[in-house]
Amino acid sequence: MFKNILILLCVSISAIGAANAADAVGFSSGSQFKATPIEGQVHVTCEGFNGGGAATFTCRDVVLDPSSFDYFVGPRDSRAVRYELRNIREDGSVRTKEDDYSGSQGRSVETINLWISTIFQKPLLASGKNKISYAVYASSNREPLSHGEFTINVARNSSRVCPTTHYNSADVNDCSSQYSVCQRYFQQFNNCR
């Protein structure tokens, strides 16, 4: 009988450990990210119906490895339909994100912008320690089904350099559009990987 109780106790402890691992909260890529400076040079020659020109751009950016967009992973609960994240960054600034949540999958429906900053969108994370509180809600509740905190660290990584390249364009505007040329350049070279 003692042997049966011991086996039952071991099975129960294993099940608790598996349940806790299944309910891990954070991002699907984990809790450790790296901010990687990238740079390179692009020569552009523009010849077209609207004129001609040439330009050389030095492109620079800081990308987030392993990814600038990721899923928020939380508890599995079929009632859950929305999530809210509130990040208190190391510098004291605060960012919030909220959107649809798939309770049956235990993650956000869409990926979240963790790093890209534009006129229309702001990133959730910043360099350093990011202390994030989360809440997951049912459609009719103001009280969360689940809530808690997790920490994401964004460390500085060594820089990468892309090879120098040359583009020919049929649009003279490309010779004065560093932003779009650099986006194309970094995409072509997979962020200098």
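Helices (H or I, at least four residues) and strands (E, at least two) are DSSP runs, numbered from the N terminus. The model is predicted: local features need pLDDT of at least 70, side-chain atom pairs count only at pLDDT 80 or more, and totals for chains, interfaces and linings use all residues. Residues are numbered from 1 along each chain as its sequence is written, and side-chain values use heavy atoms, with hydrogens and water left out.

The chain has 193 residues. Its secondary structure consists of two helices and 13 strands. Of the residues, 34% are buried. Here buried means under 20% relative accessible area, exposed means over 50%, and partly exposed lies in between (1.4 Å probe, protein chains only). The accessible surface amounts to about 11600 Å². Carbon and sulfur atoms hold 51% of that surface. These areas come from the Shrake-Rupley method with a 1.4 Å probe; for residues, only the protein chains shown count as cover. Contacts, defined by heavy atoms within 4.5 Å, were also counted. Among those with a separation of 6 or more, 70% link residues 24 or more positions apart.

Strand 2 covers residues 32-48. G40 belongs to strand 2. With a relative accessible area of 7%, G40 is buried. Neighbours within four places in sequence aside, G40 contacts F57, T58, C59, C162, Y185 and F186. R60 is 20 residues from G40 in sequence, and their C-alpha atoms are 6.8 Å apart.

Q32 also lies in strand 2. Its relative accessibility is 53%, so Q32 counts as exposed. K129 is 97 residues from Q32 along the chain; the two C-alpha atoms are separated by 9.9 Å.

S68 sits in a loop between strand 3 (51-65) and strand 4 (69-70). At 14% relative accessibility, S68 is buried.

Strand pairing was examined next. Two strands pair if DSSP finds at least two bridges between them. Strand 6 (residues 80-89) runs antiparallel to strand 10 (residues 128-138), with nine bridges joining them. Strand 6 is also antiparallel to strand 7 (residues 94-102), through seven bridges. L85 has a bridge partner in each of these neighbours: Y134 in strand 10 and K97 in strand 7. Strands 6 and 7 form a hairpin with four residues between the strands. In this hairpin, G92 takes a positive phi near 95°.

Pockets were then located. Rolling a probe the size of a water molecule over the atoms shows where empty space is left. On a 1 Å grid over the protein atoms alone, a cavity is a set of points where a 1.4 Å probe fits but cannot get out; a pocket is an open set with protein on both sides within 12 Å along at least five of seven lines, and lining residues have an atom within 4 Å of a point. Grid points are joined across faces, edges and corners, and a volume is the space filled by probe spheres set on the points.

The largest pocket has a volume of about 480 Å³. Its lining has 19 residues. D61, V63, I116, Y179 and Q183 lie nearest the centre. Strand 3 and helix 2 (178-188) each supply at least two lining residues. The lining includes nine nonpolar, seven polar and three charged residues. Ala, Val, Leu, Ile, Met, Phe, Trp, Tyr, Cys and Pro count as nonpolar, Asp, Glu, Lys and Arg as charged, and the others, Gly among them, as polar.
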